[in-house]
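Welcome! Take a moment to look over the sequence and the model before reading on. The notes below start at the ligand and then turn to the domains.

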Amino acid sequence: MESTDTTNSILERLAQVEPDALALEETPEQRKILTDRVFAFADGLLDGLAQRPVWSGAPGARDDLLAQGIPEEPAHLDKVMDLIVREIDGPGLQPASGGHLGYIPGGGIYPGALGDYMAAVTNRYAGVHYASPGAVHLENMLLRWLCRLVGYPRQALGTLTSGGSIATLVAVVAARDAKEIKADRITRSPIYVTDQTHHCVAKSIAIAGLGEAPLRKVAMTPRHRMDVDALRRTIRSDCEQGLQPFMLVASAGTTDTGALDPLAELADVAQAEGLWYHVDAAYGGAFLLLDEMRPRFQGIEAADSVVIDPHKGLFLPYGTGAVIVREPDHIRASHGLRGVYLQDAGDLFDEPSPADLSPELTRHFRGLRMWLPIQVHGLARFRAALEEKLLLCRLFHERVRSLGFEVGPEPDLSVTMFRWIPRDGTDPAEFNRSLLQAILEDGRVFLSSTTIDGVFWIRLAVLCFRTHRDRIEAVLEVLEREIR
Ligand SMILES: *Cc1c(COP(=O)(O)O)cnc(C)c1O
């Protein structure tokens, strides 16, 4: 009797909630309205990009977003789209613009967005092979392609991450476990970097519990590359003190100056000393696609781990990094743990599953956003665009020097730096800070600055696929105007 009552009350409540629950699935007509609006927004953005300022100092009306709140009932679509246009797309840096020449520019290539869209609509579970063999094969194929680019042996593999920072974390954790840096050894296990090593390395070291390991900032050559002799001396001195050198981090394209460390010589040192050799190619790695650049990367194939950011040099939307390792067992040993609820998920390591090689379990099927643009365009266009970036940077370097600016070293890749030394005795840092401000106010280009050995420099980084010669001319035009 009682059981029937319970069933009846469940059925009654079910009838009450069902209409709202069913409404979460749009009708085809409703779907079309949403899709049309979003695609119209994207078209408007992309068609207007060339004319828009790349930077807006407007603070954005956060109040409107707050007032919109988290509604109980459906919000009006006009209102929602208006908030996106005004509050999200308006203020700050326009990273999709070809005028983005600051930091390390990203991409946002259109088929990448469509790959994301399909990944989300299908909601394919790309964590384990059992759930979506196709998704996992596709991601592993992309990773094996990166491994071949680097010159790794056949068994090499890795994982696609949300970016270079998480990719670095995976590498550092693998290094820690492979070299058995347990608690009692941490303070005796030095790590070798330079002042130009990306800060995500120090961050990963801290997160991996290695914060107490001695971090040695090895001296650099005048071209901001790690000085191999200085490295040898530092290692020798550490060994004399009874320490056991653990890991060497080289940069294949530093963020600040685009400098390439001497990868082959560093590989020799790492091998001779039994160090884990990590190469941070987050920014520079994509230039491996250019035959003429490959000799400059020689030695990268000897790395134990390499990080490459497809959301930089492969022009993808933000949210794609990659770590690859010569010996995948090393990342599997640190990340290949599983719970009993996954007992149906089949042979653990037949075709490796991303979940066994990464901190993530459920994850975005990010392979599709990488695969689709390569299929749509073919690699030749990517190579052309990357070569164009190198040439634009060299062109700028030559031209800015002939305008009388002091310039940094000949660019290794697509980053260069410059500053004006005022003849009237004005403080150079002050002058160049206001020069940078004038560049931003012009609106056509966005540059950023850095400080190296106490000296303020303006940087120019060319990596957005939408950056072409006109933007470089725009920078030169502003500079010429301002120094007059
Ligand atoms: C961008 C960058 C990183 C960090 O990568 P994210 O994708 O921003 O997390 C690491 N190293 C270098 C050299 C970089 O340029």
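## Around the ligand

In this predicted model, a polar side-chain atom of Ser165 sits 2.6 Å from an oxygen atom of the ligand. Asp280 also brings a polar side-chain atom to the ligand, here 2.6 Å from a nitrogen atom. Lys312 reaches an oxygen atom of the ligand with a polar side-chain atom at 2.8 Å. How much of the ligand does the protein bury? Taken alone, the ligand exposes 380 Å², and the protein buries 86% of that.

## How the chain is divided

Now step back to the whole protein chain. Domain 1 covers residues 2-89, domain 2 covers 114-377, and domain 3 covers 379-483.

## Where domain 1 meets domain 3

The C-alpha centres of domain 1 and domain 3 are 41 Å apart. The two domains are in contact, with seven residues from domain 1 and seven residues from domain 3 taking part. About 510 Å² is buried between domain 1 and domain 3, and carbon and sulfur atoms give 64% of this area. Within domain 1, Leu49, Val54 and Trp55 lose the most area to domain 3, together 73% of what that side buries.

What kinds of residues does domain 1 bring to this contact? Its side has six nonpolar residues, no polar ones and one charged residue. Between domain 1 and domain 3, the count of salt bridges is zero, while one residue pair is in polar contact.

Definitions and conventions. Residues are numbered from 1 along each chain as its sequence is written. This is a predicted model: local features need pLDDT of at least 70, side-chain atom pairs count only at pLDDT 80 or more; totals for chains, interfaces and linings use all residues. Side-chain values use heavy atoms; hydrogens and water are left out. Domain bounds come from an automatic or database domain assignment. Contact means heavy atoms within 4.5 Å. Buried area is the accessible area (1.4 Å probe) that two parts lose on being put together, summed over both. A salt bridge is a side-chain nitrogen of Lys or Arg within 4 Å of a carboxyl oxygen of Asp or Glu. A polar contact is a pair of N or O atoms within 3.5 Å; within protein, one must be able to donate a hydrogen and the other to accept it, and residues adjacent in sequence count only if both atoms are side-chain atoms. Ala, Val, Leu, Ile, Met, Phe, Trp, Tyr, Cys and Pro count as nonpolar, Asp, Glu, Lys and Arg as charged, and the others, Gly among them, as polar. Accessible areas come from the Shrake-Rupley method with a 1.4 Å probe; for residues, only the protein chains shown count as cover.
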